[in-house]
Amino acid sequence: MLQFLLRRLMFMIPTLIAISIVAFVIIQLPPGDFLTTMVASMAAQGEDMDQSAMRALEEQYGLGQPVHIQYLKWMQGIILRGDFGDSFGWNKPVAELLWSRLALTFVLSLASLLFVWVVAFPIGIYSAVKQYSIGDYFATFIGFLGLATPNFLLALILMYIAFKFFNQSVGGLFSPEYQEAPWSWGRVADLLAHLWVPVVIIGTAGTASLIRVMRANLLDELRKPYVVTARAKGLPEWRLLFKYPVRIALNPFVSTVGWVLPTLVSGAAIVSIVLSLPTTGPLLIRALLQQDMYLAASFIMLLSILTVIGTLVSDLLLAWLDPRIRME
Amino acid sequence: MAVTDAKTLPPETVSPRAADAEIESSVSVASQWQLMWWKFRKHRAAMVGGVVTLIIYVIAIFVEFLSPSSPGVIRADYTWAPPQQLHFFRQTENGMRWDPYVNGYKVEIDPEALRRTFVIDEEQIVDVGFFVRGETYEMWGLWESDLHLIGSTDAELPVYFLGADRMGRDLLSSMIYGTRVSMSIGLLGVFLSFFLGILLGGISGFYGGTVDNLIQRAIEFIRSIPTIPLWMGLAAALPTDWPPLRIYFGITIIISFIGWTGLARVVRGRFLSLRTEDFVMAARLDGASELTTIWRHMVPSFFSHIIASLTLSIPGMILAETSLSFLELGLRRPVVSWGVLLQEAQNIRSVATASWLLIPGLAVLVAVLALNFLGDGLRDAADPYNR
């Protein structure tokens with residue numbers, strides 16, 4: 001197991017490097033470097049940039065030097081000092097803006113993942129056991145509908161219904177009195193009370209596909225001879241179901257986390273924008289629209305890294321569940 | 001997988017008469033495509049999906065003729081005018097008579113918000129006709145015409161079957177024009193990713209070894225990044241001063257750049273499983289070149305799978321474009337797509353005053369569902385030898 005873990009960690013290194021390169025490319029994509037944009041925007045506000053400050057920034061980011069030097073300088077700052085560069089839109093170091101938002105994104109994605117599991121698991125089993133029943137067709141239909149509805153549209157519709165029929169707003173993650181409050185049990189409870197709306201919205205698409213996976217796997221398993229044998233022996237139906245078929249069908253369930261997680265993080269980004277949640281989404285889009293590239297790229301990079309780590313955890317979980325994988 | 005090429009069979013063996021006469025014997029001699037069609041036909045949802053998809057693409061082709069007006073026409077007097085219901089028959093003294101019309105608007109002042117709102121006025125009648133002369137347009141950029149399938153007979157009185165947006169633009173016309181953009185982005189994006197997918201997936205599966213390993217790592221990497229933030233980052237990098245058409249192609253390239261991975265996996269899997277098949281070995285022993293082996297013998301046997309996967313990846317492209325445009329990072333007016341239209345419904349205030357602005361979302365839903373069902377049916381039918 002330890003060896004497996006080490007091997008997986010080794011595999012992760014090139015992925016992480018590739019992610020950082022992609023993020024850096026995104027910083028480089030807009031025409032001109034960020035310093036010229038910064039000077040232009042300050043000039044527009046009637047301010048002049050201090051020459052020495054400009055030179056210091058040029059030195060810090062290696063502007064004017066070859067691209068790979070700039071990349072290495074950026075990475076060096078992140079790894080050695082936790083310095084992601086500056087957000088000129090906020091006039092703050094990126095690192096200050098990053099962590100609290102990222103933590104909430106993490107909580108949101110994790111909660112959505114749990115929601116997806118909790119909902120997809122029983123419905124998937126039901127759909128497989130009662131194949132072609134009305135409940136199965138209904139689940140399939142809802143599943144397809146969930147796949148076809150863009151997340152943000154669902155958010156809009158839910159907002160509209162809440163506004164029209166319950167006359168309340170569903171945006172945000174905190175009530176006004178807890179908005180700026182320090183963390184306390186009350187604030188956590190308030191967060192949980194608000195969290196379910198985005199969680200349900202983000203979770204629908206993932207739930208739909210996981211139900212399909214669970215159903216297909218379990219159906220394959222239920223047709224196997226050992227199930228017939230067990231039934232012939234007179235095993236009660238629920239034990240017959242949970243003793244082996246469900247456990248085996250669960251393996252792909254865990255391995256799909258690898259691709260469900262990117263969808264969830266994606267969905268969280270866009271739903272957060274619509275519902276104006278204090279997560280990375282709204283900040284990311286603002287940064288992109290203002291071409292505040294260090295902030296935007298740092299978000300994209302950390303979201304991707306978060307996803308890769310999540311995938312790693314799911315792989316480990318799978319290896320723990322299924323000895324065949326770790327022995328490979 | 002012995003029968004790989006439909007052309008090797010004599011044509012008379014697949015005539016429908018033979019199929020009716022003796023199904024058992026006809027199955028054994030039917031071509032691969034014939035078998036697929038039989039299997040596909042049985043899939044009810046897929047048939048419905050196919051018909052709906054076809055209708056949507058027909059709409060996308062005849063956009064100019066089908067829409068009552070142009071999407072760019074701004075009528076400031078009709079801000080947020082609600083949808084008018086189309087009545088086909090009118091009550092007269094001699095009973096019901098065929099005479100399509102809609103009810104006109106009257107303006108009311110909302111006492112709370114102190115804002116002008118439009119209400120349907122049952123007293124007023126606006127005549128509606130089929131094949132009416134309206135605004136001139138250029139059909140496919142070839143010839144000029146002013147014939148519209150449906151519209152107001154009076155040019156001064158516009159009709160809004162699905163209501164108007166904040167600038168008084170007709171939502172129905174915008175949606176019909178949006179069909180062309182949204183659906184073609186899906187199609188174009190799929191062809192681009194088809195090219196990338198078949199090229200890289202093919203190389204990966206055919207040669208195996210180090211190349212395969214490298215391409216597989218690349219695919220895993222792309223799939224592990226959350227797509228929407230990445231798309232957002234790339235789309236934001238498109239210069240804002242680009243002309244709309246170039247933005248359109250830029251967005252398509254960005255979307256397909258990430259979408260090819262799924263297809264590449266399918267192609268690779270097929271190549272890997274076919275590589276060891278007897279007929280491939282036979283072709284090789286016959287001295288066929290690598291390219292001939294691939295195109296003449298291997299591609300035909302998994303072509304149907306590719307078509308199915310292509311169909312299944314169109315919805316993803318449509319959703320991607322819709323999301324990007326909705327976030328104002330994708331297409332912009334004057335180009336209208338369903339996503340651009342949904343921008344109008346971005347905040348709860350406009351949705352609360354004009355809930356019909358969500359209707360383009362319904363179009364997305366129908367298109368994506370139809371394509372999903374169609375793709376599902378095609379995928380099942382693609383392997384006719386499998387039960």
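Chain B of this predicted model has 14 helices and four strands, where helices (H or I, at least four residues) and strands (E, at least two) are DSSP runs numbered from the N terminus. Residues are numbered from 1 along each chain as its sequence is written, and chains are lettered from A, with ligands numbered from 1, in the order in which they are written. Because the model is predicted, local features need pLDDT of at least 70 and side-chain atom pairs count only at pLDDT 80 or more, while totals for chains, interfaces and linings use all residues.

Taken along the principal axes, the C-alpha atoms of chain B fill a box of roughly 85 × 55 × 40 Å. Of the 387 residues of chain B, 39% count as buried; a residue is buried if 20 or more other C-beta atoms, placed from the backbone, lie within 10 Å of its own, exposed if 12 or fewer do, and partly exposed in between. Two residues are in contact if their C-beta atoms, placed from the backbone, lie within 7 Å, and among the contacts in chain B between residues at least 6 apart in sequence, 69% join residues at least 24 apart.

Chain A, for its part, has 15 helices and two strands, and 36% of its 328 residues count as buried. Among the contacts in chain A with a separation of 6 or more, 72% are between residues 24 or more positions apart.

How do the two chains meet? In chain B, 33 residues are in contact with 39 residues of chain A. On the side of chain B that touches chain A, the elements that give two or more residues are α7 (209–224), α8, α11 (290–326), α13 (348–353) and α14 of chain B, and α8(B) gives the most, with eight residues. The residues on this side of chain B divide into 24 nonpolar, eight polar and one charged, where Ala, Val, Leu, Ile, Met, Phe, Trp, Tyr, Cys and Pro count as nonpolar, Asp, Glu, Lys and Arg as charged, and the others, Gly among them, as polar.

Helix α8 (residues 227–236) of chain B also has a partner within its own chain, since its axis and that of helix α9 (residues 244–275) of chain B come within 10 Å and cross at roughly 145°; axes are lines fitted to C-alpha atoms, for helices over the stretch in contact, and angles run from 0 to 180 degrees between N-to-C directions. On the α8(B) side, B:Thr227, B:Leu230, B:Trp231, B:Leu234 and B:Ala235 meet B:Ile251, B:Ile254, B:Ile255 and B:Ile258 in α9(B). By class, this contact of α8(B) with α9(B) has eight nonpolar, one polar and no charged residues.

Another element on the side of chain B that touches chain A is α14(B). Helix α14 (residues 359–382) of chain B has 24 residues and reaches 35 Å from its first C-alpha to its last, close to the 34 Å expected at 1.5 Å a residue, the expected span being 1.5 Å times one less than the number of residues. This helix α14(B) is mostly covered, with 17 of its 24 residues buried.

Across in chain A, the 15 residues of helix α6 (residues 134–148) should span 21 Å at 1.5 Å a residue, which agrees with the 21 Å between its end C-alpha atoms. Which residues of α6(A) are buried? They are A:Ala139, A:Gly143, A:Leu147 and A:Ala148. These residues lie on the same side of α6(A), because they cover an arc of only 165° around the axis, the arc being that of the directions from the helix axis to the C-beta atoms. What covers the buried residues of α6(A) includes α5 (94–129) and α8 (185–222) of chain A together with α14 of chain B. The face of α6(A) turned away from its buried side carries the exposed residues A:Ile134, A:Tyr137, A:Phe138 and A:Phe141.

Helix α13 (residues 280–289) of chain A is mostly covered, with seven of its ten residues buried, including A:Leu283, A:Leu284 and A:Ile285. Just after α13(A), A:Gln291 takes a positive phi of about 55°. Most residues other than glycine have a negative phi. In chain B, B:Glu328 likewise has a positive phi, of about 65°, although it is not a glycine. B:Glu328 sits in the loop between α11 and α12 (338–343) of chain B, and it counts as partly exposed because 17 other C-beta atoms lie within 10 Å.
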